[in-house]
Amino acid sequence: MTLFADFRSKDKRGVVVPVKFCESTAADPDARKPVEARTMRQQAAGKRVLFMCHGFNVNREDGIASAAAMEADLQSAAAPFPISPSTTLFVGVLWPGDWYTVLNYPVEAFDALTTGGYLATAIQETFDLAASISFVSHSLGARVVLSAAGTKGVPRARQIILTAPAADNDTLAREHAAAYDNADAIYVLSSKRDRTLKYLYPAGDAISDVLGDDDSPFGGALGYRGPKPAVIEHVTPFGIPGKPYNQKNKPSLASDYDHCDYFPWPSKRTPKSDTVSHYVSAAFADQGTLWP
């Protein structure tokens, strides 16, 4: 069973709406059973809550599938630090970021920020009894979680784990400085082989700047360049491709991490996404200086 905070009005595309909670099962992931807010609040009480947020161009069905797959990876005995459901509540975040071309990116960037505001409200109202909150995101989902974490009144995040974040590389010092200030640890995975962030992100970001996006123009993506400044307190950047850190007798990582190689997919399980899931489990255990 995977729990979800759903901010979608439709299965595909649509607009951002206030949260609806639901659950799905591995046997029938498309069957979404509604969950009352009070039930979700009870389940979160005393537990660590990990919000898992997909990125750009992901419909509801695929968002459910990727979150469920990551939950399974993090609970697996193969993970370096398996996460127990008895102590941690996994919550997938579903939002309408699915369009077709880079020209839609500026609109989806604003939808991501809107979703982050709704997620912040949900955290304050429904997850107020949680022992702690953490976030992991892919791509444009970084703006969802950074917006939520930086909202006034949201509890301090224990970890924010950003994979291939589609946000400006100085966002932790500028647009989302409030999230930086409200987190104990932030982890950033970036790759210079990410063609989406290398070629498409600058074009879409330039358009969003014209429309009023409050970031710095032409700075390059955080998930491509890594954070700027390069050394920031309590931020751990990992540029991949590279070799595993502090691990002996481990093979080097493949040298072509592209934009869709980070989050796991049931129909496309790869050693790359497995490695990223292992890293997330380590970061969640406060061991994020290791690359499993």
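What share of the contacts in the protein chain with a separation of 6 or more is accounted for by residues 24 or more positions apart? The share is 76%, where contact means heavy atoms within 4.5 Å. The model is predicted: local features need pLDDT of at least 70, side-chain atom pairs count only at pLDDT 80 or more, and totals for chains, interfaces and linings use all residues. Residues are numbered from 1 along each chain as its sequence is written, and side-chain values use heavy atoms, with hydrogens and water left out.

The protein chain holds eight helices and nine strands; these are DSSP runs numbered from the N terminus, helices being H or I with at least four residues and strands E with at least two. Of the 292 residues, 54% are buried, a class defined as under 20% relative accessible area, with exposed over 50% and partly exposed in between (1.4 Å probe, protein chains only).

The nine strands form an open sheet with mixed pairing, in the order β3-β2-β1-β5-β4-β6-β7-β8-β9; two strands pair if DSSP finds at least two bridges between them. At the edges stand β3 (33-34) and β9 (235-239), each with a single partner strand, so one side of each has no neighbour in the sheet. Strands β1 (residues 2-8) and β2 (residues 16-24) run antiparallel and are joined by six bridges, with Phe 4 opposite Cys 22 in β2. The pairing of β6 and β7 is parallel, also over six bridges, and here Val 136 stands opposite Ile 161 in β7. Six of the seven residues of β7 are buried, so this strand is largely enclosed by the rest of the structure.

The largest nonpolar core contains 77 residues, and Phe 51, Phe 135 and Ile 160 have the most contacts inside it. Such a core is a set of buried Ala, Val, Leu, Ile, Met, Phe, Trp, Tyr and Cys residues joined through side-chain atoms within 4.5 Å. In soluble globular proteins, nonpolar side chains tend to be buried together. Beyond its neighbours within four places in sequence, Phe 51 is in contact with residues including Val 91, Leu 119, Phe 127 and Phe 135.

Helix α4 (residues 141-149) has nine of its nine residues buried, so it is largely enclosed by the rest of the structure. Among them are Arg 143 and Val 145. Val 145 counts as buried because its relative accessibility is 0%. Not counting residues up to four places away in sequence, Val 145 touches Cys 53, Phe 135, Ser 137, Ile 160 and Leu 162. Its C-alpha atom is separated by 8.4 Å from that of Phe 51, 94 residues apart along the chain.

Helix α2 (residues 60-75) packs with helix α8 (residues 271-284) at an angle of about 65°, their axes 9 Å apart. The contact is made by Met 70, Asp 73 and Leu 74 of α2 and by Asp 274, Ser 277, Val 280 and Ser 281 of α8.

Some backbone details lie in loops. The peptide bond from Lys 228 to Pro 229 is cis, with omega near 0°, and Pro 229 lies between α7 (222-225) and β9. In the loop between α7 and β9 lies His 234, which has a positive phi of about 55° although it is not a glycine. Asn 57, in the loop between β4 and α2, is likewise not a glycine and has a positive phi of about 65°. Most residues other than glycine have a negative phi, and most peptide bonds are trans.

Conventions: Axes are lines fitted to C-alpha atoms, for helices over the stretch in contact, and angles run from 0 to 180 degrees between N-to-C directions.
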